[in-house]
Amino acid sequence: MIHKMSLVPSAFDTIATGKKTVEMRLCDEKRKKLKVGDEIEFENTETRRAIRCEVVGLFRYKDFFELYSAFDKTAIGYGETDTASATDMYAYYSPEQIEKYGALAIEIRLI
């Protein structure tokens, strides 16, 4: 199955270059449909360029704090010298949404 998701340019670029191997999302109803082996078509929100990735792993967490502690910061899209903080996810999701759905780490491989 092919799923479609949008990405801000910075996240899109790190996946397109193979640096980011884990996409983080709420574990909402749409994401619960994901299965290992499925494909995700990511679209850049500004350029509309698209890339495809295969889902190679799915990991559910209570919140993004647990998720961040489970992965190397470069795998989730941060640079070597960046400070990784789970509170960065508040730019995308409210604390209420995170409490309701939890967090999902989608391990991907660029096709």
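**Exercise 1. Where is D38 found, and what surrounds D38?**

Some ground rules before the solution. This is a predicted model, so local features need pLDDT of at least 70 and side-chain atom pairs count only at pLDDT 80 or more, while totals for chains, interfaces and linings use all residues. Residues are numbered from 1 along each chain as its sequence is written, and side-chain values use heavy atoms, with hydrogens and water left out.

*Step 1.* Look in the loop between β2 and β3: D38 is there. Strands (E, at least two residues) and helices (H or I, at least four) are DSSP runs, numbered from the N terminus.

*Step 2.* D38 is buried yet has no salt bridge, and the nearest side chain of opposite charge, K35, is 6.6 Å away. Buried means under 20% relative accessible area, exposed over 50%, partly exposed in between (1.4 Å probe, protein chains only). A salt bridge needs a side-chain nitrogen of Lys or Arg within 4 Å of a carboxyl oxygen of Asp or Glu. For charge, Lys and Arg count as positive and Asp and Glu as negative; His and the chain ends are not counted.

*Step 3.* List the contacts (heavy atoms within 4.5 Å). Leaving aside neighbours within four places in sequence, D38 meets M1, H3, K33, C53, E54 and V55.

**Exercise 2. Work out which residues of α1 are buried and what covers them.**

*Step 1.* Go through residues 9-16: A11, F12, T14 and I15 are buried.

*Step 2.* The buried residues fall within an arc of 165°, so they line one face of the helix; the arc is that of the directions from the helix axis to the C-beta atoms.

*Step 3.* Find the cover. Strands β1 (2-7), β2 (22-26), β3 (39-44), β4 (50-61) and β5 (103-110) are included in it.

*Step 4.* Just after α1, check the backbone: G18 has a positive phi of about 85°.

**Exercise 3. Explain why C27 and C53 form no disulfide.**

*Step 1.* Apply the cut-off: a disulfide is a pair of cysteine sulfur atoms within 2.5 Å. The count comes to 0 disulfides.

*Step 2.* Take the distance. The sulfur of C53 is 19 Å from the closest cysteine sulfur, in C27, which is too far for a bond.
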